[in-house]
Amino acid sequence: MNRNLFLNLLLVITSVAFTNCQNHTEVNAEPAETIFYGDTSIREELFQDPHSFSTEASVVKHLDWDAEVDFQDEVIRATATWTLEESHSDTIIFDTKNLNIVGVTLDGKPAEWSLGQNDELLGTPLIVALPFEAQKVTISYQTTDKAEALQWYPAELTQGKRMPFLFTQSQAILARTWVPCQDRPGVRFTYNAQVNVPKGMLALMSASNPTQKSEDGVYEFSMPQPIPSYLLALGAGDLAFIELGERSGVYAEPEMVRNAAFEFSQTEAMISRAEYLYGPYYWGRYDMLVLPPSFPFGGMENPRLTFLTPTVIVGDMSLTSLIAHELAHSWSGNLVTNATWNDFWLNEGFTVYFEMRIMDAVYGPDFADMLEALSYDDLQRELAVMLKEDPDATRLKQDLKGRNPDDAVTAIAYDKGFHFLKLCEQTVGRERWDAFLKGYFDEYRFKTRITEEFLQELAGLMTQEEWNSVGVEEWVYGKGLPVNCPFPASNRFSIVDEAVKMLLGVSPDDPSAKSMAYLGQEVTIRWSTHEWLRYIRGLEAGGAIEGHYRLADANYGFTGSPNPEIVAAWYTAILKTGFEGYDPELYEEKVESFLTTVGRRKFIVPMYTSMLEGDEKRQAWAKEIYTKARASYHPLSQQTLDQLFTEHE
Ligand code: BES
Ligand code: ZN
């Protein structure tokens, strides 16, 4: 590591950053020496975020959004009225991408404005002159069919087939494709909105929400807590609501909403455990919206209204760590926000850590241990590839200038981040660690942090000895995984690992192989999704051959499983091999129908990858399915898969 890079400018921030976190707990030894770790570009990043055209010179503080959602033309026509914070410049710059700007006014009078040069990744800056003490900029515009944040989902593909569905996905830099805004996490604003949707539809935002449909399709929203643009969100469709508790509830299509309410019935318990751990929930309500299966993510932490994939509704609550995760973002991310996307691990690593703590509190340590072991596994598997292809991407602190922040959505931010924080916890002890985190969330609520500012706090918590034993700099700036990475052991998984050995130990041609490889139902009946995932991954890692997969499928019926998480792992494993399912017809139909309905990238990218790495027949099959399925995918999934298929041409 280049130490010259470090030391430079840190003193500047040092004096600003760090006040009271070290007061929460008593540590006898001297705190670690507060060297500031970072280079001189860090401060500049704060002034000029590498993923936004907007600058510190003029910033906004409030949005009034007035929108009409036209499902016929698949376009949103809107005006965005931005109230300005004090300005230090004669212009203000907004980010836009593939928007049609109709006009701009300043305090109701025509404004002087222009569009700057277009950038493929960042879009087009909208520059508005501020010749006088202007208060409000109003931008009239329309979205286009190139809006990457929007998915217009046709009625035929919904459960009820009565109405189409629209949902947005703004993170990381896609808010600018549906609202002209200062699209960077360093700018926060409050908002009010009035949204017009077709009659009979319910519209929802990351704000205060209706629970019932209005007569006229007009809805009003307000978000009184300041949020960054990536948390702007809108959903509209044929939706019903069920209350789960005092301050939580779930929205979904009427066909799905009861199952969703059952699946997420632990939400209220999670909120109170989270508050107990890290302080008050600042956002009023915590509701959830179940999206169509094409949603490219598992979840998105839109404030007051988490967006969710329906693929976690499996009937046994086994996948609700996703709720714990999105809820945890109400602190790590939404309350204390990564200042730029280079510090993305501050959002996701903290959130995975917090997710595990919530799961531990609500479901018990044995359950949380499984999640931690899977996180460790994910990390190892992804690291192996990344260290070969792009070792720099294995650092927690990223340098994403000129790159899509989507590139940093890897196991590094999530799982390396998690393990680092877990090691910190183990090093200082849970009591000190929890007090520290609580203080951190409190001190910096509704603010942003860069990695170096967090390290500054950490240096205040730890003794020099603790700091050295963790090896903080290596964890944050080094490549790969330090040797002192905690290794999570799981009781429940040790049984699974035995079962894997048992299966791999039989010779598939043996006439009694099937029964020899079968683990009694009295054991597997208690297995959750996570045990099955471990089992399938164990087969892969243990070098299972076709015959083993055949036995496993015959015994446990993976190919026909109704659980999307299990089938995705299963297909990913077998699509690499010559095995075509215990029942080949069923297999073919299942793989196709999965890939043509589900758009969650975590599932379909590995599946397509396995196919493209298989023999010619499978490659051709992958292309055939993708050609059919592409139109029903979200623009983000399309982008990722287009790239994957190009790489395999
Ligand atoms: N905020 C992320 C999703 C995201 C990250 C979208 C970056 C766009 C850019 C969300 O909280 C998340 O992490 N989702 C995970 C959940 C999982 C780790 C429990 C997902 O969707 O898989
Ligand atoms: Zn997350």
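**Strands and sheet**

Colleague: Which residue in β8 stands opposite Ala78?

Modeller: Strands are DSSP runs of E of at least two residues, helices are runs of H or I of at least four, and both are numbered from the N terminus. Strand β2 (residues 75-84) and strand β8 (residues 136-143) run antiparallel to each other, joined over 7 bridges; two strands pair if DSSP finds at least two bridges between them. In β8, the residue opposite Ala78 is Tyr141.

Colleague: What pLDDT do local features need in this predicted model?

Modeller: Residues are numbered from 1 along each chain as its sequence is written, chains are lettered from A and ligands numbered from 1 in the order in which they are written, and side-chain values use heavy atoms, with hydrogens and water left out. The model is predicted, so totals for chains, interfaces and linings use all residues, side-chain atom pairs count only at pLDDT 80 or more, and local features need a pLDDT of at least 70.

Colleague: Which are the edge strands of the open sheet of 7 strands?

Modeller: The order in this sheet is β5-β4-β8-β2-β1-β11-β13, and the pairing is mixed. An edge strand here pairs on one side only, and this applies to β5 (109-110) and β13 (218-228).

**Backbone features**

Colleague: Is Glu74 buried, partly exposed or exposed?

Modeller: Glu74 lies in the loop between β1 (60-70) and β2, and its phi is near 50 degrees, a positive value in a residue other than glycine. Buried means under 20% relative accessible area and exposed over 50%, with partly exposed in between (1.4 Å probe, protein chains only). At 40% relative accessibility, Glu74 therefore counts as partly exposed.

Colleague: What is the relative accessible area of Lys161?

Modeller: Lys161 belongs to the loop between β9 (150-153) and β10. Its phi is positive, about 60 degrees, although Lys161 is not a glycine. Lys161 counts as exposed because its relative accessible area is 54%.

Colleague: Which residue is joined to Gln171 by a cis peptide bond?

Modeller: The residue in question lies in the loop between β10 (165-168) and β11 (188-196). With omega at about 0 degrees, the cis bond joins Gln171 to Ala172.

**Ligand 1**

Colleague: What is the distance from the side chain of Tyr414 to an oxygen atom of ligand 1?

Modeller: Among the 15 residues around ligand 1, those that come nearest are Gln171, Gly298, Glu301, Glu326 and Tyr414; a residue is near a molecule if one of its heavy atoms lies within 4 Å of it. A side-chain N or O atom of Gln171 is 2.7 Å from a nitrogen atom of the ligand, where a polar contact means a pair of N or O atoms within 3.5 Å. A polar side-chain atom of Glu326 lies 2.8 Å from an oxygen atom of ligand 1. For Tyr414, the distance from a side-chain N or O atom to a ligand oxygen is 2.7 Å.

**Helices**

Colleague: Which residue takes a positive phi just after α8?

Modeller: The phi in question is about 90 degrees. The residue that takes it is Gly429.

Colleague: How far apart in space are Glu565 and Leu319?

Modeller: Glu565 lies in helix α18 (residues 564-574) and, at 9% relative accessibility, counts as buried. Glu565 and Leu319 are 246 residues apart in sequence, and their C-alpha to C-alpha distance is 8.8 Å.

**Aromatic rings**

Colleague: What is the angle between the ring planes of Tyr376 and Phe487?

Modeller: Rings of Phe, Tyr and Trp (its six-membered ring) pair if their centres lie within 6.5 Å; planes under 30 degrees apart count as stacked, over 60 as edge-to-face and the rest as tilted. By this rule there are 54 aromatic pairs. Tyr376 and Phe487 form an edge-to-face pair, 5.0 Å centre to centre, and the angle between their planes is 85 degrees.

Colleague: How many residues apart are Tyr376 and Phe487?

Modeller: Tyr376 counts as buried at 16% relative accessibility, whereas Phe487 counts as exposed at 60%. Tyr376 is in helix α7 (residues 365-389) and Phe487 in the loop between α12 (472-477) and α13 (491-505), so this pair links distant parts of the chain, and the separation in residues is 111.

Technical notes
A polar contact is a pair of N or O atoms within 3.5 Å; within protein, one must be able to donate a hydrogen and the other to accept it, and residues adjacent in sequence count only if both atoms are side-chain atoms.
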